[in-house]
Amino acid sequence: MTNDGDDDVTLPTNPGTGLRYVGVGCGIVPFFVNYTTSSSETVNGQVVSAVYRNWVAVGGGALALLIGLALVRLALRSGSERNKALGWAGAVLALALYQLVMRSGFVF
């Protein structure tokens with residue numbers, strides 16, 4: 001088989017399409033998969049400190065945050081699909097922030 005150079009190569013209209021799905025996946029997976037650690041310290045029978053971490057939410061949220069920021073950058077460079085791309089970026093960022101703030105254990 002020879003390659004004449006006449007093959008038509010089509011590029012996707014929006015280069016961030018695959019990245020969107022990866023970002024949404026990183027934000028959704030921690031709802032179904034959990035790896036948690038917890039510890040507490042007691043003094044005279046009273047709990048004085050407690051720590052809870054969901055490490056899947058930390059990792060998934062951090063990765064989704066990075067992907068969301070990359071999607072914002074790609075969206076601002078896209079032409080006709082800008083609003084749709086910004087919507088996807090916003091959804092990924094919302095999932096990322098939810099995982100990092102609410103489910104990771106760092107804040108609540």
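Modeller: A polar contact is a pair of N or O atoms within 3.5 Å, and within protein one atom must be able to donate a hydrogen and the other to accept it. The model discussed here is predicted.

Biologist: What makes the pairing of the side chains of asparagine 54 and asparagine 34 a polar contact?

Modeller: The distance between these two side chains is 2.8 Å, and the limit is 3.5 Å, so the pair qualifies.

Biologist: Why is asparagine 54 called buried?

Modeller: Its relative accessible area is 1%. Buried means under 20%, so asparagine 54 falls in that class.

Biologist: Which residues does asparagine 54 touch, not counting those up to four places away in sequence?

Modeller: They are Pro30, Asn34, Tyr35, Thr36, Arg103 and Ser104. Asparagine 54 itself is placed in strand β2. At the start of α2, a side-chain oxygen of this asparagine comes to within 3.3 Å of the backbone nitrogen of valine 56.

Biologist: How do you know that α2 has close to its expected reach?

Modeller: Helix α2 covers residues 55-77, which is 23 residues. The expected span is 1.5 Å times one less than the number of residues, which comes to 33 Å for α2. From first C-alpha to last, the helix reaches 33 Å.

Biologist: Which elements are included in what covers the buried residues of α2?

Modeller: The cover includes α1 (17-32), β2 (46-54) and α3 (82-103). Among the buried residues of α2 are Ala57, Gly60, Ile67 and Leu71.

Biologist: Where is asparagine 44 found, and what is its phi?

Modeller: Asparagine 44 sits in the loop between β1 and β2. The hairpin has two residues between its strands, and asparagine 44 takes a positive phi near 55 degrees there, although it is not a glycine.

Biologist: Is asparagine 44 buried or exposed?

Modeller: Its relative accessible area is 78%, and exposed means over 50%, so asparagine 44 is exposed.

Biologist: How many aromatic pairs does a search of the whole structure find?

Modeller: The search finds two. One joins tyrosine 21 and tryptophan 88. These residues lie in helix α1 and helix α3 respectively, 67 residues apart.

Biologist: Why is the pair of tyrosine 21 and tryptophan 88 called edge-to-face?

Modeller: The centres are 5.5 Å apart and the planes stand at 80 degrees. Centres must lie within 6.5 Å, and planes over 60 degrees apart count as edge-to-face, so the name applies. Tyrosine 21 is exposed, at 53%, whereas tryptophan 88 is partly exposed, at 26%.

Biologist: What makes the pair of phenylalanine 31 and tyrosine 98 stacked?

Modeller: The angle between the planes is 25 degrees and the centres are 5.8 Å apart. Planes under 30 degrees apart count as stacked, so this pair is stacked. Phenylalanine 31 is in helix α1 and tyrosine 98 in helix α3, so parts 67 residues apart in sequence are tied together. Both are partly exposed, phenylalanine 31 at 34% and tyrosine 98 at 39%.

Biologist: What pattern does the protein chain follow along the sequence?

Modeller: The pattern is α-β-β-α-α, from three helices and two strands. Of the 108 residues, 27% count as buried.

Conventions: Residues are numbered from 1 along each chain as its sequence is written. This is a predicted model: local features need pLDDT of at least 70, side-chain atom pairs count only at pLDDT 80 or more; totals for chains, interfaces and linings use all residues. Side-chain values use heavy atoms; hydrogens and water are left out. Helices (H or I, at least four residues) and strands (E, at least two) are DSSP runs, numbered from the N terminus. Buried means under 20% relative accessible area, exposed over 50%, partly exposed in between (1.4 Å probe, protein chains only). Contact means heavy atoms within 4.5 Å. Two strands pair if DSSP finds at least two bridges between them. Rings of Phe, Tyr and Trp (its six-membered ring) pair if their centres lie within 6.5 Å; planes under 30 degrees apart count as stacked, over 60 as edge-to-face and the rest as tilted.
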